[in-house]
Structures are given as structure tokens and as C-alpha cells.
Amino acid sequence: MRKCVKCNKKAQVYLHAHRLSLCGEHYIEWFENRVERTIKEFRMFTKKNKILVAVSGGKDSLSLWHALTKLGYQADGFYINLGIGEYSQKSLQKAKSFAEKYHLTLHTLDLSTEIASIPELTSYDNRPACSVCGSVKRYYMNKFAREKGYTVLATGHNLDDESAVLFANTLSWNVEYLKRQYPVLPEDDGFVRKVKPLCKISEKESALYAVLSGIDYIEEECPFSEGATSIDHKIYLSQLEEKSPGTKLRFYSEFLRKMYPLLKESSKGNLQKCEVCGEPSNNSICNVCRLKLKLISQKEKI
Ligand code: SF4
Ligand code: ZN
Ligand code: ZN
């Protein structure tokens with residue numbers, strides 16, 4: 001029987017990547033310490049910052065929000081209703097119940113009233129649903145955070161997400177994306193700072209924290225996630241992880257330590273203001289305004 005390395009009680013958790021056995025109570029402590037260490041390592045924010053946490057109702061974002069408030073950070077939540085049928089209804093409910101239970105502030109924004117739901121938008125756009133959804137979410141999260149006076153936007157991207165994106169960008173040597181793959185994107189003209197405090201925590205570790213902390217999260221995946229290539233990349237990496245625990249963490253951490261500093265040297269972006277809405281954009285018209293123009297022209301045809 002494995003014993004907790006901290007208190008010698010029966011271990012509830014064994015972390016292969018860290019060769020660590022812990023009881024429930026000490027696992028929660030380990031998780032929160034790891035989040036705190038990551039925040040400090042990358043100088044993400046301090047207790048003086050007003051943080052907006054992007055909340056989806058899933059295990060990662062709710063675990064992040066929970067850990068941040070327990071660590072004493074000023075963190076409010078922001079939920080974007082994507083209008084994806086029952087999945088969106090259920091996830092909104094989870095986010096709302098969590099905020100009520102812990103007496104936290106949750107802001108919500110309804111995409112259908114701002115522009116259109118994700119299913120509607122994807123029917124007018126040739127890009128995969130997740131690509132449309134990602135750019136629309138980034139736009140509204142940044143705009144909302146800036147307008148409401150938040151200086152930092154925190155997302156629940158975990159080690160599995162980050163290593164899968166890194167793997168994909170490395171497979172195609174997408175240097176422009178690799179240059180931006182850092183857990184902190186500093187504030188820039190019109191952009192608030194973006195941070196990923198769970199970047200060194202695996203999906204399993206974040207699910208364990210949620211379960212052991214009694215967090216009620218949505219277990220169903222978004223219907224659009226099915227068939228996404230990122231899922232395949234996660235599967236390949238998990239197979240490697242199984243054979244050699246710690247692979248994902250090594251792959252990601254060593255990229256940040258050895259490769260990122262070289263790429264950063266040449267990282268001046270092409271940031272400008274969108275000619276239509278004035279939000280920061282890489283093109284003369286931002287992605288959201290392009291989508292809005294497409295919607296208008298489609299509706300005129302009908
Ligand atoms: Fe959006 Fe894709 Fe995530 Fe669904 S899986 S919420 S469509 S990014
Ligand atoms: Zn213990
Ligand atoms: Zn615009």
C-alpha cells in the first residue's frame with residue numbers, strides 16, 4: 001500500500017510524472033502550491049492585479065478559479081454563452097452554481113446577441129468550428145476584460161492542451177505560432193495580459209483536484225470537439241507519457257527553457273487596429289468584423 005509522503009496516511013493519488021504519493025488533503029495542497037509556483041516562475045500577476053478567469057464550466061477553468069481564490073487572488077469569472085444547444089445550457093448552469101456556492105462574481109456574455117451562436121457562425125464560415133470559436137472567444141474575452149478594468153485574463157489551458165499545441169506547431173514548424181507559445185502574453189496596445197497558470201498541470205491532475213475539492217463541473221465535451229486533430233495529438237502524447245512518465249512536462253518545459261528564448265528574439269508582431277471596430281488585430285479588419293460582414297451579406301442573399 002502506497003503512503004502519503006507528507007503524512008504517512010494511505011495515499012489516494014500517485015503522480016507518475018512526479019513519482020509522488022499523496023493523500024487527498026496533501027494532493028490539494030500540492031496542486032495549489034504548483035499553481036502558485038507557476039504564477040511566480042512566469043511572473044504572471046500579483047495579489048494587486050484584478051484577474052478575470054475565462055470560465056467554461058469544465059474542470060480546468062473551475063479548478064483554476066477555485067485555486068486562485070483559495071490562494072488569495074482577486075479573481076472574477078467570465079462565461080461566454082456560445083449557444084451550442086444543451087452543452088451550453090448545462091455548462092452555464094455549472095459555472096453559475098459554482099459562483100453562487102463560493103460567493104464569487106461571474107460575468108456572462110451571450111454570443112447570440114453580440115454576433116451569432118457558434119453553430120450559426122460556422123455555417124457561414126469554411127474554417128473548422130473550433131477555429132471560428134477560438135477567435136471569437138479571444139476577441140470578446142479581451143474586449144470585456146479591458147473595458148471592465150481587469151488587467152489580467154487567465155485561462156484554464158493545461159499541460160495536455162499546451163503540449164498538444166506545441167506538438168502540432170512543431171510538426172508543421174509553424175514559427176509564428178511557436179513564438180507566441182508562452183504561458184504569459186504581455187499587455188500590448190489594446191490587449192490585456194493573458195496567462196495560463198495550469199500550463200504545468202496535466203488534465204488528469206486538474207480533474208483530480210476538481211473531484212477532491214468537491215467541484216461540480218460539466219463532464220460532457222463540447223460536441224464540436226469530436227474529430228478535432230488536437231484530440232489525436234493528445235492521444236499520441238498520452239501514449240508516450242504512459243511509456244515514459246513525465247514526457248509531456250519535459251517536452252513543454254524544455255521548449256520554454258531552451259527554444260522559446262531563441263524564437264522570442266525575432267517576435268515583433270504585426271499589430272494594428274481593426275478599421276471597423278478599433279480592436280487590436282493582425283489584419284486591417286479583425287476576425288469578428290469579417291464574420292459580421294459575412295453574416296450580413298448572407299442574410300441579404302436570403
Ligand atoms: Fe469552441 Fe471547439 Fe471548444 Fe467547442 S470544442 S467550445 S467549438 S473551441
Ligand atoms: Zn497526506
Ligand atoms: Zn473589428
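Helices and strands are here DSSP runs, a helix having at least four residues and a strand at least two, and they are numbered from the N terminus. The model on display is predicted.

**The second largest pocket**

Begin by selecting β1 (13-15), α7 (159-171), α9 (203-212), α10 (229-243) and α11 (247-264); each of these elements supplies at least two residues of the lining of the second largest pocket. The pocket has a volume of about 480 Å³, and 21 residues line it. To find its middle, select H16, S202, K204, E241 and K248, the lining residues that lie nearest the centre. Which helix gives the largest share of the lining? That helix is α9, with four residues. Colouring the lining by class shows nine charged, seven nonpolar and five polar residues.

**Helix α7**

Next, select α7. At the start of the helix, show the side chain of N158: one of its oxygen atoms reaches to within 3.0 Å of the backbone nitrogen of D160. Then display the buried residues of α7, which are L159, D160, D161, E162, S163, A164, L166 and N169. What covers these buried residues? The cover includes α8 (175-179), α9, α10 and α11. After α7 comes W173, which has a positive phi, near 45°.

**Serine 206**

Now move to S206, which is found in helix α9. Is this residue buried or exposed? S206 has a relative accessibility of 0%, and it therefore counts as buried, the cut-off being under 20%. Leaving aside residues up to four places away in sequence, S206 touches Y27, F31, K59, D60, S63 and I201. With one of these, D60, S206 makes a polar contact from side chain to side chain, at 2.5 Å.

Most residues other than glycine have a negative phi. The last two stops have positive values.

- Select R43, in the loop between α1 (24-41) and β3 (50-54). The phi of R43 is near 45°. R43 is exposed, because its relative accessible area is 71%, where the cut-off is over 50%.
- Select H103, in the loop between α3 (85-101) and β5 (106-110). The phi of H103 is near 55°. With a relative accessible area of 72%, H103 is exposed.

Terms used. Residues numbered from 1 in each chain as written. Chains lettered and ligands numbered in written order. Predicted model: local features only at pLDDT ≥ 70, side-chain atom pairs only at ≥ 80, totals over all residues. Heavy atoms only, no water. 1 Å grid on protein atoms, 1.4 Å probe; cavity = no way out; pocket = protein on both sides within 12 Å on 5 of 7 lines; lining within 4 Å. Points joined across faces, edges and corners; volume = space filled by probe spheres on them. Nonpolar A, V, L, I, M, F, W, Y, C, P; charged D, E, K, R; others polar. Buried < 20%, exposed > 50% of the residue type's maximum accessible area, 1.4 Å probe, protein only. Contact = heavy atoms within 4.5 Å. Polar contact = N/O pair within 3.5 Å; in protein donor to acceptor, adjacent residues only side chain to side chain.
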